[in-house]
Structure formats: C-alpha cells, structure tokens
Amino acid sequence: MFGYHGRYLRVDLTTEDVVEVALPADVLQNFIGGVGLGTWLLLNEGQPLSDPLASEAPLIFAFSPLVGSPLTTSAKFAVMAKSPLTQRINDSLSSSSFAIAGKKTGYDAFVIVGAASNPTCLVIEPTGCRFVAADECWGQSSERAADLLREQLGKQFRVASIGVAGENLVRFATVSHEGRHAARGGLGAVMGSKRLKAVAVAGDRTVEYAHPHKLVDYSRELSRKSFGPATAKYRELGTATNLLTFNRLGTLPTRNFQASTFEHAEDLSPEAMLTTHSRTRASCAACTIGCEHLYSDPESPDAAVRIEYENLFALGPLCGVSDPDAVLQASRLCDELGLDTISAGATIAFAMECAERGLIDADHLRFGDAQALHQTLRSIATRQGLGELLSHGTRSASREIGQGSEDFAPHVKGLEIPGYEPRALQTMALGFAVTARGADHNRSGAYQVDFSESVDRLHASPAMIPPAIETENEASLFDSLILCKFLRGVFDDKFMAMAEMLRLTAGWDVSPDELHRTAERIVTAKKVYNIWQGWSPDEDMLPKRFLTEQLPDGTGFGATIDESQLRQLVCEYNRARGWSDEGWIPNNQLKVLQIPIPQDYPSLEGSSSATS
Amino acid sequence: MTVRVEFFGIPRQRAGLAMMQIEAGSLGAAVTQIATQFPQLAEECIHADTLHDGYLANVNGLTFTRDPSYPLNDGDTLLILSADVGG
Ligand code: SF4
C-alpha cells in the first residue's frame, strides 16, 4: 500500500484499551483521507442520536495520503466529531507540523472514545500509547499547555490541545496547535468532555509513495506555480484584504447582519494597518504560499496576532468595532481562550442586538463597545454571567431569550454564519442552507460563483444549482486529500491535478470522472450521518432576517431572499444530487456509492419522499 | 465617457492608489489606459486589453465582467479586483 499505513488507532480513554484496526484498501480509495475518511469512521464508530459530549462519542483525527509528501500545503489534518454546537457532523481542518508528526506515528487516523477520570494528555508514538496526567496544564491556554507538555515529553512531540473554553465545554471551543485552530463546531468541547487536554504525537514511520521521483518533480513544479499571480493576494495582503472588497460590494456583514457595509472598514483594512502596525508573515508547515499575516498588538508587544478576513470581520464590523487594536486584542483573546472567532463574534453581535432591543438585561453590551466585546469573550470562555447563555451559541441562546430573537440569530443548523452576506450572495445562501456542517464557507465554495460573471448574485436562479454542487464537491476533495483551497487558482483542471497527485502518492489510476464520483460519495456520506443523527428538511433554510428584511445599504440595497424561491432551489439541488425533493437519500444510492449504512439508520425505503 | 476606477487588493498595491478617473467607453479601453499608466500593475494583471485570469472587473458594484467589449457609460464606476475572494 502506497501513501498510507493502512490502519487506524482506536483509543478508549475510560478503559485505556488501545487497538490497531486495519483500514481496507477499498475504503481508502473510496474516501481518500481527511474529511472523507473521518466521515467513514464516524459512520462506523458513532451511535444514532447520540450526545456529542457523552463519553462514548468518538473524536477523530484523520490524516491523508498527501501528508508528509513534498506537495505544498499538504501538512493538514481533519478533526471530526458530532458537533455539540449543531448536533450534526463537524469536520474542522487545520495545518501544522502536528499533521506530519501524527502520520509518522504509523496510523492514518486516531479514533478516541471514552473519557479520562482526570485531565489527561494522550501520547501516541509508534511504540504505543501513553496516558499522561495533565493536571498542571488544566486551566492553561493551549499554547502554554503545549509548551509544558513538550518540556516534559521532549521537543520531538507535536501537541494539539484545548484552552479554557474547551475545558468548560463552550460549544464553539477550538482544538489548537502551533497557533492554528481546528475551530468550527466546538470540537474543543468534545475534547474537554473527555478531560483530554491534549494529544501529543511523535514518530518516525514514513510511508512509501508510488512514484517518488515523479512526485518530487511534480511537487517542485506545483511549488513554483504557487508563487505566481493566482496567490499574490494571499502572500502580500492575506485574506484580510477581502474586507475592503466586500465592503465595496455590499457583502460585509455588519452589526449582526443589519447592514452590509461598515463605515470604518478602511480603518480596519490590512492596507491601513500596514501603515500603523508592524507585520510579519508566516505559513503553515510545508506551505509555499504563506497567507498568514501577523500584526503587533500594542497591548501585548511580544505576541503577534494572526489576522485573517474571518476574525477581522467577526470581531470588527459584525460587532460594530472600528478600532484595529481592539480587534487585535479580541483576536488574541480568542486564541488564548480557545474560541472560534466566527462563532464568538457572531454570538456577541447577536447579544449586542438583543441588548439594544431590550431583550436581555445587559446594558453594557452595545455595538462598537470594544471593552464589552473583550469582557464578554472572557465570560463566555469561563461560562460566567451572560457568558453561560452565550457559550451555547446563537441558536441555543435565541431559543432561551425568545421574543422573536430566533429570527435574527445568525446561524444555519446552529453554526454561525461566516463573513458573506447571503442576501447579496445568493448562490452562497443556497450553499449555507444545504451544507452538512451548517452555514459554512469552507465546505461550500458557492461564493466563488457569486463573485463571477456566471450568475446575478442578487437574484436567485436555477443557474446557481450546478456551480453550487460543483464547488461543494470540489471542496470535499480538497478536504479529503487534504490540500489548501488557496491553491485552487493555480490548477488548470483541479480534478485532473488531484487525480495525478493520487497517482503519484497512492498509486491509483483514477480518472477525474471517478474523482467526481468520490466527491459525490463524501458529500452524500456526510448527509447520511446527519440523517442518522436526526436531520430534518426544515434545517436547510436561513434565519427569517434574511428572508424578510431587505438590505438597507450597499450595492445590494433592497435585496432579500425569497423564501419560496430558496425552498425551490434547495429542492432542485436535492434532485440534482439524486435525493428526494426534501433531501432524503434513497437506499439504493447508498449501495451504489458504497456508503456504509450505519446501525439503526432510519429506513426510508418505500417512502415516496425517499424514492423520487 | 468619464469613468471612476477603484482598485482593490493586489491591483491597489500595484497601482499605488485607491481610485482615479479616466475617459473610456469600454472595459478594454479602460484596461488599456490603466496598463499604460501603471506598468507594474500591467505586468502582473493585464494582457493587452484584458485582465489576467486572477483578476476581475466589476461595473457599479453589480456586474462582474472580463469582456473587453463591455460598454462603460458616463458616470460608471469600474472596480478592479482580485478574482479569488476566498477567506
Ligand atoms: S496558503 Fe495559508 S492557509 Fe493555506 S496552507 Fe498556506 S499558510 Fe496555510
């Protein structure tokens, strides 16, 4: 077997039983790695309608055939579990040396079940597994915990750990390592529920590649192309440069999606911050693009803060905060506490609107108040005061607050909406509605279509369906190989390029058409998981605000989403995928795509909705 | 036709300014003028009267286009952007 070890490690934290489990070759070829492999493992290891924070809930770290190869941007891994925020499938990716060291342990994935009785660090090496007490690390930031553990275990170890938010089971806590985060969906809380402060990995087990010399040549050429104009934006300004573009196009969510432009956007832009702050650049391990831009934080001169579009938008315009230093500090706080910046910013923005409308008793919480933003971030991580209510995310908080607040709680399936205003980006609105993880710009790349000549982004139309499916399929492959999506502009034909990379690493003679089928399989398998966990068709919809309130500003002035039209698009999307109009998957499709039918999967065979 | 041109991202970095005014009746004519005025921007973003693949034009914040024959009217605003807006 090339590119893989052909096995995963299953660890039970309750019993400390550790088992090696073989991964059949056909499973690897069908699901590749990363998100695909993680989904297959969740379907095999999970329980129906389970509690994501119960001890038996599986937590998965999945690597891929490309990790450890010389292919640029391939040092990535997927963390997967049922999300305690959404109660649906959650796949978060991250990249760092943890991916390379993790695969060198000799496994293609780790499946972690059970719960330790005390704070624990799970140590995985080729020689076996150890359960190391992590009491000293409990209460520390993930970075500090990693430092302490590496001092104790040795510098060869790479550590993924949780911060205080994960320990306190905040539903949008991150899993962090080397300053990067598997951020969305609260996987840090899943670790916290297992009293698993950290996973430390080290090893020397490499895999063989099918065509090692050609792989080196191909990788060299890919690295060369990655320096070209298609990635210049990421290298020179980072994703934060989207802020001014989005503001100009009226797609920048502002003050909890009450507006689509922010009057202080120029002040927060990287173009302006470059004139007032010192900046360094960095990259994930094994990346030649280097999109990370770290700015000095005047409050903490030793700590440089990573600024990307999503943390900038969520902690800036979404909360009405215009001071760049305040946004840097909020970002640093999220890193230290282990909070997903998108969900944290969106939840606080939602609370600010509730406070301004008098729906909650929080006079201090007003749009634009940076101090209130910082204070609320801390209270969420420790779940004190208002933080307890907000630590469950906007869906849960709005259900408790009531009084119509559900209409403007900015989430789909419980996952807070990222920095793309759906009324002004209506292909993305469809993507947000249907994607298995919830409102998500990484699993649905439909915004690419809106920012193109192909569609009228302000008016939904059936022309949006094929590209919405295509970009979602494409994302599922990027996330399973795993490669950074910022490479996408570099390829002439992405599926052809991915097929070639799999030929060189895993030795598969796979055609681009077969990869389209693989993508379809992975997207469908994620939906199967959701159905298994109680999904219902009404989840595939946006909150009322987007369906009833017109955009009050920007180039999309007056735009709104027509609910019946969006329902129709969702229905046609489902049909195009071979599902029923409502989105149920016919059993014969599961067989054809070789998706495992999980234990106690609701049988829909014979129901008219399942067979259309 | 007097057209206001606004630059974003890499085009702004290469042009060294955020906006300007030009006289042009089509996207191609506008792009040609911009190329003459900003050789550094031209080198990376423009070929003859067309924007490279990684770049895109938008008229009045509404219509995305790369078509050189796309007509521009008096008072239009032309945005020159990086095409890949992922974040
Ligand atoms: S382009 Fe950016 S996100 Fe992608 S691998 Fe490189 S540094 Fe990481």
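Predicted model: local features only at pLDDT ≥ 70, side-chain atom pairs only at ≥ 80, totals over all residues.
Chain A is divided by the domain assignment into domain 1 (7-201), domain 2 (227-416) and domain 3 (426-593). Between domain 1 and domain 2 of chain A, the C-alpha centres are 26 Å apart. The contact between these two domains involves 31 residues of domain 1 of chain A and 32 residues of domain 2 of chain A. Together, domain 1 and domain 2 of chain A bury about 2,400 Å² between them, and 54% of this area is on carbon and sulfur atoms. On the side of domain 1 of chain A, 30% of the area buried against domain 2 of chain A is supplied by A:Phe172, A:Arg180 and A:Arg184, which is more than any other three residues supply.

The largest pocket has a volume of about 1,000 Å³. Its lining consists of 34 residues, and those nearest the centre of the pocket are A:Arg488, A:Gly489, A:Lys494, B:Asp53 and B:Ala83. Two or more lining residues come from each of helix 7 (212-226), helix 19 (447-450) and helix 20 of chain A, and from strand 5 (55-59) of chain B. Helix 20 of chain A gives the largest share, with four residues. In terms of domains, at least three residues of the lining of the largest pocket are drawn from each of domain 2 (227-416) and domain 3 (426-593) of chain A. By class, the lining of the largest pocket comprises twelve nonpolar, nine polar and 13 charged residues.

The second largest pocket has a volume of about 500 Å³. It is lined by 21 residues, and A:His411, A:Asp538, A:Met541, A:Leu542 and A:Pro543 are the ones nearest its centre. The elements of chain A that give two or more residues to this lining are helix 17 (393-401), strand 16 (411-412), helix 23 (544-548) and helix 24 (563-576). Of the lining of the second largest pocket, helix 17 of chain A provides the largest share, three residues.

Over the whole structure, five cavities of 30 Å³ or more are found. The second largest cavity holds about 70 Å³ of space. The residues that line the second largest cavity are A:Thr435, A:Ala436, A:Arg443, A:Glu472, A:Ala475, A:Ser476, A:Asp479, A:Val523 and A:Lys526. At least two residues of this lining are supplied by each of helix 20 (465-481) and helix 22 (512-532) of chain A. Helix 20 of chain A gives the most to the lining of the second largest cavity, with four residues. Helix 20 of chain A also gives four residues to the lining of the largest pocket. The lining of the second largest cavity divides by class into four charged, three nonpolar and two polar residues.

The surroundings of the ligand are formed by residues of chain A. The ligand is surrounded by A:Thr73, A:Lys76, A:Ser283, A:Cys284, A:Cys287, A:Ile289, A:Gly290, A:Cys291, A:Glu292, A:Cys484 and A:Phe486. By class, this shell has six nonpolar residues, three polar residues and two charged residues.

Note on methods: Residues numbered from 1 in each chain as written. Chains lettered and ligands numbered in written order. Heavy atoms only, no water. 1 Å grid on protein atoms, 1.4 Å probe; cavity = no way out; pocket = protein on both sides within 12 Å on 5 of 7 lines; lining within 4 Å. Points joined across faces, edges and corners; volume = space filled by probe spheres on them. Nonpolar A, V, L, I, M, F, W, Y, C, P; charged D, E, K, R; others polar. Near = heavy atom within 4 Å. Domains from an automatic or database assignment. Contact = heavy atoms within 4.5 Å. Buried area = accessible area lost by both parts, 1.4 Å probe.
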